[in-house]
Amino acid sequence: MMNSTFYPTYFMLVGIPGLEHEHIWISIPFCILYILALLGNIMVMVVILMSTRLHQPMFILLSMLAFNDGLLCTSFAPKILSIFWFDARAISFTGCLLQMFFIHSFTSIESGFLVSMAYDRYIAIYKPLRYNSIITIRLITRLVIVFVVRAVVLVGPCLVLIKKFPAFKTNVIAHSYCEHMAVVKLAAADIRVNSIYGLFVAFTILGVDLLFILLSYTMIFIAVFHLPSKDTRLKAFNTCTPHMCVFLSFYSMAIFSFLSHRYGKKIPPYVHIIFSDIYLLVPPMLNPLIYGIKTTLIREETWKILKNIKNNCRTRWNSDEKRTCHKI
């Protein structure tokens, strides 16, 4: 296959090149991260849905972020775990393109939501009296539509360009999922257009969004420094610092992943691929903690729901016990 070209009906995912014998051990932290991300985001969505107190624009935006995070990690984590556990490396050509589309689209939408959360904090701190008139359901709906359309319009052509390749050198993808450049490098054709367009999409989405986030938080910290109360300043810093950590971890690992495919020839493949996997798993796992549990209202509503569930279970248990005793 290496000496001839062909058009594959399926691809073979390697997993993590160079660490194939350690896949079982590597799967343990990956599985834990995936379960935590899934459970955390489901919990946030359920709490916001069940509590009328949380039916506000900010929390609706947070529930949409949680929904996107759940879809993002589910679009690739089950396949990675199936490679680690069952050596199920094969993925159809169409399935590979769909996985690529969903991963990059959900990543783009994730970036848009992070920009929205930064803007929400900026308005809350910089213009608190106008917050309710600026952050509305109508604005949130428009932002979600813009993020989805942007993802489809920018990511869609990547798939079209790959479909136009006349042949491929091999069908073995040296990656754990169908990443754009990992698939493009297999083509037996000129890939300069694909590489340039991939960089254009990456910097159009991640670069522009990161610029807006940094601008928002610069304005936030300027406003915080001008607050009269020291306690208020500390509270604002404690709220914003974890958010900044999430932003920096997401964007730094994303940019590293994109650039190392093109220019990181001296970087060991397993380092690049582990970073690529982590940047898709860690933010969905951290977001429910940073934006959910640390938010007072969500924490209060979560405890209230858990307390109601506990009381209902106790009531049912007592009623069932009484019925059993009555029958005896």
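Biologist: Start with the largest cavity: how does its lining split by class?

Modeller: You get seven nonpolar residues, five polar and two charged. Keep in mind that this is a predicted model.

Biologist: OK, and what volume does the largest cavity have?

Modeller: About 190 Å³. The search over the whole structure turned up four cavities of 30 Å³ or more.

Biologist: Which residues lie nearest the centre of that largest cavity?

Modeller: His104, Gly198, Val201, Ala202 and Phe258, out of 14 lining residues. The elements giving two or more residues to that lining are α4, α6 (137-163), α8 (192-225) and α9.

Biologist: Now the open side of things. How much space is in the largest pocket?

Modeller: Roughly speaking, about 690 Å³. Its lining has 22 residues, and the closest to the centre are Arg121, Lys235, Thr239, Lys294 and Thr295.

Biologist: Which helices supply at least two residues of that pocket's lining?

Modeller: Those are α2 (57-74), α4 (93-126), α9 (230-263), α10 (269-293) and α11 (296-327). The one that gives the most is α9, with seven residues.

Biologist: How does the pocket lining divide by class?

Modeller: There are 12 nonpolar residues, seven polar and three charged.

Biologist: Switching topic: what order do the strands of the sheet come in?

Modeller: β2-β1-β3, three strands in an open sheet with mixed pairing. β2 (90-92) and β3 (172-173) are the edge strands, each pairing on one side only.

Biologist: Do β1 and β3 run parallel or antiparallel, and over how many bridges?

Modeller: Parallel, over two bridges, with β1 covering residues 10-13. Leu13 has Ile173 in β3 as its bridge partner.

Biologist: What packs on that sheet?

Modeller: Helix α4 does, and it touches β1, β2 and β3. The direction of α4 makes about 85° with that of β2. α4 is also among the elements lining the largest pocket, and it turns up in the lining of the largest cavity too.

Biologist: Last one, Trp25: buried or exposed?

Modeller: Trp25 counts as exposed because its relative accessible area is 61%, and the cut-off for exposed is over 50%.

Biologist: Where is Trp25, and how far is Phe84 from it?

Modeller: Trp25 lies in helix α1, residues 23-50. Trp25 and Phe84 are 59 residues apart in sequence, but C-alpha to C-alpha they are 8.8 Å apart in space.

Notes:
Residues are numbered from 1 along each chain as its sequence is written. This is a predicted model: local features need pLDDT of at least 70, side-chain atom pairs count only at pLDDT 80 or more; totals for chains, interfaces and linings use all residues. Side-chain values use heavy atoms; hydrogens and water are left out. On a 1 Å grid over the protein atoms alone, a cavity is a set of points where a 1.4 Å probe fits but cannot get out, and a pocket is an open set with protein on both sides within 12 Å along at least five of seven lines; lining residues have an atom within 4 Å of a point. Grid points are joined across faces, edges and corners, and a volume is the space filled by probe spheres set on the points. Helices (H or I, at least four residues) and strands (E, at least two) are DSSP runs, numbered from the N terminus. Ala, Val, Leu, Ile, Met, Phe, Trp, Tyr, Cys and Pro count as nonpolar, Asp, Glu, Lys and Arg as charged, and the others, Gly among them, as polar. Two strands pair if DSSP finds at least two bridges between them. Contact means heavy atoms within 4.5 Å. Axes are lines fitted to C-alpha atoms, for helices over the stretch in contact, and angles run from 0 to 180 degrees between N-to-C directions. Buried means under 20% relative accessible area, exposed over 50%, partly exposed in between (1.4 Å probe, protein chains only).
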